[in-house]
Every structure is written in structure tokens, then in C-alpha cells.
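User: I am new to this structure and would like a short tour. Could we begin with how the helices pack?

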Amino acid sequence: MHEAPDPLRLELAAVAARLVADGGHDYASAKKKALRQVLGGNPAPKRSVPDNDEIDAALREHLELFDPGHVPRVVQRRRTAAALMQRLQAFHPYLTGAVWKGIVTEHAPIHLQLFHDNPKDVEIQLLNDGVDFDVSTVPHFRGGAEVEAIAFYVDDAPVLLSLYEHDDLRGALRRGAAGPERGDRQALLERLAEAA
């Protein structure tokens, strides 16, 4: 017997999805702002806070309803990602995030995770290719520590490279509840072919 969906949870997921789509918020800040908008200063029952998969579903629905440019944007960003992965193949790139999932807002970057033991090699290749980039850090996909991240634009699309050690690849290939969380270039090409 299935439990009826929690209306508050659905509403919070929808508001958070709208904030991601229209305001460029990340999921964590979108959840916090959605809680403030919907509940004011009142605490939310723990069971009513949506998880990221529920926000993904609400975001997909929002984009299908209100963003006629969504489908072409997904295809274009995936094609750009495939070309970039070809250029960066020596660093074992895997696509993750919005472009991998096919839920691409205007602000969503092409997020490639590179698995190579020397981050400086990546920076040297980008410099040799004439890419103007910024360096920062992002949380490790396992949580805890941070890893180096490189941000730049390709064909007006934002790109984020997060740099991991090669050994991190072993833990990266586990499947989540919604399927694989990332894929190599071949898996991306298969997604492009399926959509064609």
C-alpha cells in the first residue's frame, strides 16, 4: 500500500525547483529559501523536506511546462560536453550533474569530473588551449574534503571541472537510486543517440 504524497513536501519541492530554474540557486540554498517562503519562520517537519531526487522531478516538470528552450539546451550542452570530454580524454572525464541528468536550466554548468593524479596537468592543457579559467574548490562527491575546481565557458555554456585523484574513480561508479550519477563519453553518446 502506497502512502499518499505529503502536500507540503510536494509544494516545497516545486518552490525549490522554481528557484533553481529561475534564480540559478543550488539545491541546498533553494531548499532553505523554499522553506522560508512557504513556512515563514516556522520549522518544517523533517518528513516534509524534499530530497534532491524530488527536486529533480519537480525541476524536470517545471522546465517541461515553462521553458521551451529546455530540450534544445540539453542536446547542445551534451554535444559540447562530448567534444570537451574528447579533448580532455587523458584525464578520464565523467559527466555528472544537470547535463548528465537532462535537467538543464540556463545557469547549469557542464560539470565534468576528471580523475587524474596531477591537477596541474589539466591547468597546463587548458592554458595551452588558450582557455581563460578561474580556480576554486568544490566539495568532494563523497562529502568532507574539498577538491580543486576549474570554471570557464565554452560556446557560451558554463563549464565546471572538478579534479579528483585517479583512485577516486572506483567509488564514483556506484549507482544511485535514480541510476548512475555520472557517465563517461561513451555513456553520454548513448544518451544523445537515444534522444535523437
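Analyst: First, a definition: axes are lines fitted to C-alpha atoms, for helices over the stretch in contact, and angles run from 0 to 180 degrees between N-to-C directions. Helices (H or I, at least four residues) and strands (E, at least two) are DSSP runs, numbered from the N terminus. This is a predicted model, in which local features need pLDDT of at least 70, side-chain atom pairs count only at pLDDT 80 or more, and totals for chains, interfaces and linings use all residues. Residues are numbered from 1 along each chain as its sequence is written, and side-chain values use heavy atoms, with hydrogens and water left out.

User: At what angle do H4 and H8 pack?

Analyst: Helix H4 (residues 70–87) packs against helix H8 (residues 185–195) at about 155°, and their axes are 10 Å apart. The two are therefore roughly antiparallel, a term for angles over 145 degrees, where under 35 is roughly parallel, 65 to 115 roughly perpendicular and the rest oblique.

User: Which residues of H4 meet H8?

Analyst: Val75, Arg78, Arg79, Ala81, Ala82, Met85 and Gln86 in H4 do so, and their counterparts in H8 are Arg185, Leu188, Leu189, Arg191 and Leu192. Contact means heavy atoms within 4.5 Å.

User: What about H1 and H2: what is their angle?

Analyst: Helix H1 (residues 7–23) and helix H2 (residues 27–39) pack at about 125°, with axes 8 Å apart. H1 is therefore oblique to H2.

User: Changing topic, is strand S2 buried or exposed?

Analyst: Strand S2 (residues 110–115) is mostly covered, with 6 of its 6 residues buried. Buried means under 20% relative accessible area, exposed over 50% and partly exposed in between, with a 1.4 Å probe and protein chains only.

User: Which way do its residues point?

Analyst: From S2, Ile110, Leu112 and Leu114 point one way, while His111, Gln113 and Phe115 point the other way. In a regular strand the side chains alternate between the two faces of the sheet.

User: Which strands are joined to S2?

Analyst: Strand S1 (residues 93–96) is joined to S2 by 4 bridges, and the two run antiparallel; Pro93 stands opposite Leu114. Strand S5 (residues 157–164) runs parallel to S2, with 6 bridges between them, and Val159 in S5 is the bridge partner of Ile110. Two strands pair if DSSP finds at least two bridges between them.

User: Lastly, where is Asp56?

Analyst: Asp56 lies in helix H3 (residues 52–66). Asp56 is buried, with a relative accessible area of 8%. Leaving aside neighbours within four places in sequence, Asp56 is in contact with Tyr27, Lys101 and Ile103.
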